[in-house]
Amino acid sequence: MGKTTSNSSPPKPPEDREKPITGSDVFIEVLRQEGVELMFGYPGGVVLPLFDALFKSPIEFILSRHEQGATHMADAFARVTGKVGVVLVTSGPGACNTVTGLATAYMDSIPLVVITGQVKTPLIGNDAFQEADTTGITRPITKHNYIVKEPKDLPRIMHEAFHIARTGRPGPVVVDLPVDVSTTPMQADAARAELNLPGYRIRTEGHLRQIKRAADAINQAQRPVVYAGGGVILSDASEQLRAMVHQANLPITTTLLGLGCFDENDPLSLHMLGMHGTAYANFAIQECDLLVAIGARFDDRITGDVSHFAPHARIVHIDIDPSSISKNVKVDIPVVGDAKKILTEMIKYVEYGERKKWFAHIDQLKQTYPLTYDNSGDHIKPQYVIDEVGRQTKGRAIVCTGVGQHQMWTAQFYRFSLPRHFVTSGGLGTMGFGFPASIGAQLAHPDATVIDFDGDSSFSMTLNELPTAVENNLPVKVCVLNNGYMGMVRQWQELFYGKRYSKSYLQHPSFAKVAEAFGAVGLTATRKDEVTAIIEQMLAEKKCCIVDFHIEREENVWPMVAAGKGLHEMSGLPAGTSERV
Amino acid sequence: MRRTLSVLVQNQPGVLAHVAGMFAARGFNIDSLAVGRTEDPDLSRMTIVVLGDDATIEQVRKQLGKIIPVVKIYDFTGENLVQRDLMLIRVAAPPEKRPEIQSLIDMFRAKVVDIGPKFIMVEVTGPEQKIEAFIDMCRPYGVKDVVRTGMIAIPRHPKSSR
């Protein structure tokens, strides 16, 4: 990956005089010790000393065009690698622009360390130029945050930030760094420091008695379902999950963030559950006698009306965060700890159960309520584009999305088989996440095929990162599923607001021409018979490539559990199947 | 239901804001919150009186546990507690009423800490009911100011838990 293109190389600086070691050098050394090779961000006034220290550093720095983009890039980098994503931005507006990215990472438990510049300590609280109360602003959307008030605390705080971000239930950590701290002379060996976290104790080993109780419950269950979430991916427990599920013979559904933690082509897979999940997954949840939740948090998009959720089931909940247990749904058998360790242990106690009746019933549900769409017309159906990309990439691409209809269609119709291959904003639902995410994912895996399925409205929010993709020679592929609406807003207006499409209609530029103007490849598809060839062309392209698919404008996402309904009360089931089997 | 939590926290910038912010963000109700240093200069103790049912208090405890500088949480529910609130109260005290008020002060084992031509200031310590009762008894004379610390508490026979 080239760091710069030929025409943007800066002039060579004069030879460095001997400079004393400062907080900035210690900062860079801490990053090196923490294994940081790639980071993202945007410079500004109070971080100039840090950027000056970076100038000589081997750390690769990706300059975004907006701090939100940098934060999403680092987030995606973390999601596809499991490493901590690192961002460096300036004070005030720079810090404020990371807020959406921080909240996105926080909701999805993604490890980030975001370093924000701050005005010098004597000016803090004086409404100085580009001052904002960064720790105050980011406190509720970070796992933890710091302001470094004493230079001697800098190395300890930086190491603690990385430790907190990557351990336990991961999350973003902000370090607010006043400029006078980064210019303070320090000892060359100051970068090593002991952590001081007496209140931070992570329980990773599951309690053996609870693990055995959970295994007993599984062994006795007649109609069990496993419901796996993003925690399985965060804990790198896919292999253990696969082994446990096969050993016990359990049907399994995943959340949006859990997609890829279990091979969706496996006959045991019920695909995604929830508001836009498959009918067979949702019915199975409502009928099961045991629900085994692993690394999932019973979000309202999963449960629907929580009082009608899994009404016949005992609930096992495996989670590393004790506050997730019984937060939304009362849990019968909690197991607190790391999913990988718990599953490794649990495999020893679960037994194969044939459960003939239950699987026959599930097969019937799958046959009666398949995930399907009508592809008979002339227009391009969004599901067809996703199907076709899935076929041509053999389901092995790294897939990013924005938020909305296109995100749900991707979740429904791209068949994921590998963990850390689906990058989407689940908890916060951040429109505009997809494109910068695809940049971060491609930087992490330069040789992978990275696809961003995006909406026209989502893409419009962050297409300012096009030059970032182009200048770094990143061959990300953006499939804009363009219906000229904020599709999901329009769908809700159609269903619940009398088709009054209030402010959900957008006039877009030609995305292909926009791409070309930025030095990327731009393509447009308007007819169904163009789709296969244009996807082939897109996948063969070595440059960043934007394909504008003009799709059926008022296609809806089905099935759907309307807000406040139970999971079994789905609308949009295949014609003639409104009655339960 | 009112529950008393005693929370040991690291003495760090922003820790009070972190705890208070968590209560606000998650919609928990604080009845009182008292903070002070402990025998260890690195630690402070917060005594938090919370309103809520068992499930709410369980969440409060777990969410407090997630705050990084929170070192230990004690739930004093059901324990035999020594509870104290300190109040400074300024009461209207014209000379002809002073003997009456003085006898009230004696009954409550309170203490006069300042005296002026129209008002006296009284220091009262004790469990909350006693403090409330003293305020009620002073109302007929005219209560000018009330300042309270919020409750602090410690169990007589500690059985601690996180």
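**Strands, domains and contacts**

Mentor: This is a predicted model. In chain A, strand S3 (residues 85–89) and strand S4 (residues 112–118) run parallel and are joined by 5 bridges.

Trainee: In S4(A), which residue is the bridge partner of Val87(A)?

Mentor: Start with the pair of strands. S3 and S4 of chain A run parallel. Within S4(A), Val87(A) has as its bridge partner Val114(A).

Trainee: What is the strand order of the open sheet of 6 strands in chain A?

Mentor: The pairing in this open sheet is parallel. The twist from one strand to the next averages 20°. The order in chain A is S2-S1-S3-S4-S6-S5.

Trainee: Which strands of chain A stand at the edges of that sheet, and why is one side of each left without a neighbour?

Mentor: Look for a strand with a single partner. Each edge strand has just one partner strand, so one of its sides has no neighbour in the sheet. In chain A those strands are S2 (60–63) and S5 (144–147).

Trainee: How many residues of helix H18 (residues 434–444) of chain A are buried?

Mentor: A residue counts as buried if 20 or more other C-beta atoms lie within 10 Å of its own. The buried residues of H18(A) include Gly434(A), Phe435(A), Ile439(A), Gln442(A) and Ala444(A). The helix is mostly covered, and the count is 11 of its 11 residues.

Trainee: What separates the centres of domain 2 and domain 3 of chain A?

Mentor: First, the bounds. The domain assignment of chain A gives domain 1 (17–183), domain 2 (208–368) and domain 3 (382–558). Taken over C-alpha atoms, the centres of domains 2 and 3 of chain A are separated by 30 Å.

Trainee: How many residues does each of those two domains of chain A give to the contact?

Mentor: Take the make-up of one side. Where domain 2 of chain A touches domain 3 of chain A, its residues divide into 6 nonpolar, 5 polar and 2 charged. The contact takes 13 residues from domain 2 of chain A and, from domain 3 of chain A, 14 residues.

Trainee: Now chain B. What pattern does chain B follow along the sequence?

Mentor: Count the elements. Chain B has 4 helices and 9 strands. Read along the sequence, they give β-α-β-β-α-β-β-α-β-β-α-β-β.

Trainee: What share of the residues of chain B count as buried?

Mentor: The C-alpha atoms of chain B fill a box of roughly 55 × 30 × 30 Å, taken along the principal axes. Among contacts in chain B with a separation of 6 or more, 73% join residues 24 or more positions apart. Of the 162 residues of chain B, the buried share is 25%.

Trainee: Is strand S3 (residues 43–51) of chain B mostly covered or mostly open?

Mentor: Check the partners. S1 (residues 2–10) of chain B pairs with S3(B) in the antiparallel sense over 9 bridges. S2 (residues 29–37) of chain B also pairs with S3(B), antiparallel, over 8 bridges. With 7 of its 9 residues buried, S3(B) is mostly covered.

Trainee: Which residue in S3(B) does Asn29(B) stand opposite?

Mentor: S2(B) and S3(B) form a hairpin, with 5 residues between them. Asn29(B) stands opposite Leu51(B).

Trainee: Which element gives the most to the side of domain 1 of chain B that touches domain 2 of chain B?

Mentor: Chain B is divided into domain 1 (2–75) and domain 2 (81–152). Their C-alpha centres lie 29 Å apart. In the contact, 6 residues of domain 1 of chain B meet 5 residues of domain 2 of chain B. On the domain 1 side, the element that gives the most, with 3 residues, is S2(B).

Trainee: Which element gives the most to the side of chain B that touches chain A?

Mentor: Between the chains, 16 residues of chain B are in contact with 15 residues of chain A. Helix H1 (15–25), helix H2 (54–66) and strand S4 (70–75) of chain B each give two or more residues to the chain B side. That side has 7 nonpolar, 7 polar and 2 charged residues. The element that gives the most, with 5 residues, is H2(B).

Conventions:
Residues are numbered from 1 along each chain as its sequence is written. Chains are lettered from A and ligands numbered from 1 in the order in which they are written. This is a predicted model: local features need pLDDT of at least 70, side-chain atom pairs count only at pLDDT 80 or more; totals for chains, interfaces and linings use all residues. Two residues are in contact if their C-beta atoms, placed from the backbone, lie within 7 Å. Ala, Val, Leu, Ile, Met, Phe, Trp, Tyr, Cys and Pro count as nonpolar, Asp, Glu, Lys and Arg as charged, and the others, Gly among them, as polar. Domain bounds come from an automatic or database domain assignment. A residue is buried if 20 or more other C-beta atoms lie within 10 Å of its own, exposed if 12 or fewer, and partly exposed in between; C-beta atoms are placed from the backbone. Two strands pair if DSSP finds at least two bridges between them. Axes are lines fitted to C-alpha atoms, for helices over the stretch in contact, and angles run from 0 to 180 degrees between N-to-C directions.
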